[in-house]
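Have the structure open while you read.

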Amino acid sequence: MWTVFHLQWLRLKREPLLALTFLVLTVVFVFFLAGSQGVQTITIQTYSDELSEAEIDQWLERLNQSETFEFEHNDRSEVEDLIRMSEISFALELGEDHYQYLVGQESHFLGTANQHIEQVYRSQLRKEEVKQRFPDLVIEERDFLKMDIQALTTNSSDNNDIVTHVITGMTLYFAMYTILLSMINLVTEKRSGTWNRLVFSPLKKTSIYLGQLTHYFCLGMIQIGLSFYLFYHILDYNFGSQYFTIAMVLMAFVFAVVALGMLVMGLVQSPQQLQAVIPIVTTGMAMIGGAFWPLEIVSNDILLFLARLVPIQYGIEALKGAILYEQNVVELLQPISILLLMGVLFMGIGVNLIERTK
């Protein structure tokens, strides 16, 4: 096993361009996508038919305590024109104790904005209710500090969710590419006769498979680990404290991808076919599994069903749970178990096909 494992690393040392290329692509894509998302500010037009200018300014001051949203006051007629011209998707109408939206078209920012606006209104209305019931009571801002912090944290977590999705999605996508393209060497060895010479050598067939698969497993883990290390230092991204959980998720995902590579190799007959199939499989799974965009914006039931059949969807879901919500291994046992189950199924079918077609 270790002899085969060592030989694969010697081959990678002579031809490191593939792994280095995808590592660089991972960092570049995440740097531009996540970096731009990190400073994004969403502007929301507001108007009111019942509040005075002073009252509007007070509400705007409260609403603009978020780093994610910027609320601007405008006239109703101008707001309606902007919506009619499709320059904005929706606008906010402010009231004394209520608010409502003027919507021109659907926007995935509306739900996120509503969480922040509702929290601000609830906090202010509760403060006024306490003042009415206890007029002599002196209410300080620190009494409602916890609620305000919760509102800001909600919006901050929404922005972090976007950055985390980009980081995890792009990293897992390019790791899949590296692992599967590197496994072309196995098909090449089969075609050139090297695989048969290994089989007839004193090495056990189990040791040959384990040596090969362990190499690709380590290659995927090293690429993801280096990517996360660079994101931590370049983007100053905080991966939380659940490092063990993150490692377990990554190990389950890489195992599933290596097993998927075995399945794909069992279905193709030549390296040229594998070179054509891998981009389709990798990019297709990444698109269906939500590596390029959140699945929350997908409404097609068929696509959502297909997303449940690919490993990358569970990898992203589990990583976001560990990074954003500090979930441990027990809480993420379901996606980890599904990845392991996929890996076992892919591996069993793939090895069986390889043995039959050799």
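Let's start with Phe31, which sits in helix α2. Helices here are DSSP runs of H or I with at least four residues, strands are runs of E with at least two, and both are numbered from the N terminus. Phe31 has 42% relative accessibility, so it counts as partly exposed. The scale is simple: buried is under 20% relative accessible area, exposed is over 50%, and partly exposed is in between, with a 1.4 Å probe and protein chains only.

Before going on, a note on the model: it is predicted, so local features need pLDDT of at least 70 and side-chain atom pairs count only at pLDDT 80 or more, while totals for chains, interfaces and linings use all residues. Residues are numbered from 1 along each chain as its sequence is written, and side-chain values use heavy atoms, with hydrogens and water left out.

**Surface patches**

Phe31 belongs to a nonpolar surface patch, together with Val24, Leu25, Val28, Phe29, Phe32 and Ile234, and the group has about 630 Å² of accessible area together. Helix α2 (residues 17-38) gives the largest share of that patch, six residues. Patch members need over 30% relative accessible area and no salt bridge; nonpolar side chains (Val, Leu, Ile, Met, Phe, Trp, Tyr) are joined within 5 Å and like charges within 9 Å. The areas come from the Shrake-Rupley method with a 1.4 Å probe, and for residues only the protein chains shown count as cover.

There's a charged patch too: Glu50, Glu55, Glu96, Asp97 and Glu128 gather on the surface as a negative group. For the bookkeeping, Asp and Glu count as negative and Lys and Arg as positive, while His and the chain ends are not counted. Each charge is placed at NZ of Lys, CZ of Arg, CG of Asp or CD of Glu.

**The hairpin**

Strand β3 (residues 90-94) and strand β4 (residues 99-103) run antiparallel and are joined by five bridges; two strands pair if DSSP finds at least two bridges between them. Phe90 has Val103 in β4 standing opposite. As a reminder, side chains in a regular strand alternate between the two faces of the sheet.

**Salt bridges**

How many salt bridges does the rule give? The count comes to six, where a salt bridge is a side-chain nitrogen of Lys or Arg within 4 Å of a carboxyl oxygen of Asp or Glu.

| Pair | N to O distance |
|---|---|
| Glu93 and Arg76 | 3.6 Å |
| Arg84 and Asp81 | 2.6 Å |
| Glu118 and Arg122 | 2.9 Å |

Take the salt bridge between Glu93 and Arg76 (3.6 Å, N to O). Glu93 lies in strand β3 and Arg76 in helix α4 (residues 76-84), so the pair ties together parts that are 17 residues apart in sequence. Glu93 counts as buried at 12% relative accessibility, whereas Arg76 is partly exposed at 30%. Both belong to a salt-bridge network that also links Asp49 and Glu80.

The other two pairs each stay within a helix. Arg84 and Asp81 are three residues apart in helix α4, about one helical turn; Arg84 is exposed at 57% relative accessibility and Asp81 partly exposed at 40%. Glu118 and Arg122 are four residues apart in helix α5 (residues 109-133), again about one turn. Glu118 is partly exposed at 29%, and so is Arg122 at 48%.

Which residues deserve a look in the backbone? Most residues other than glycine have a negative phi. Ser86, though, has a positive phi near 60°; Ser86 is in the loop between α4 and β3 and is partly exposed, at 49% relative accessible area. Glu326 isn't a glycine either, yet its phi is positive at about 55°. Glu326 lies in the loop between α13 (311-324) and α14 (333-357) and is partly exposed at 32%.

Finally, Glu61 is in helix α3 (residues 53-63) and exposed, with a relative accessible area of 58%. The C-alpha atoms of Glu61 and Phe71 are 8.8 Å apart, with the two residues 10 apart along the chain.
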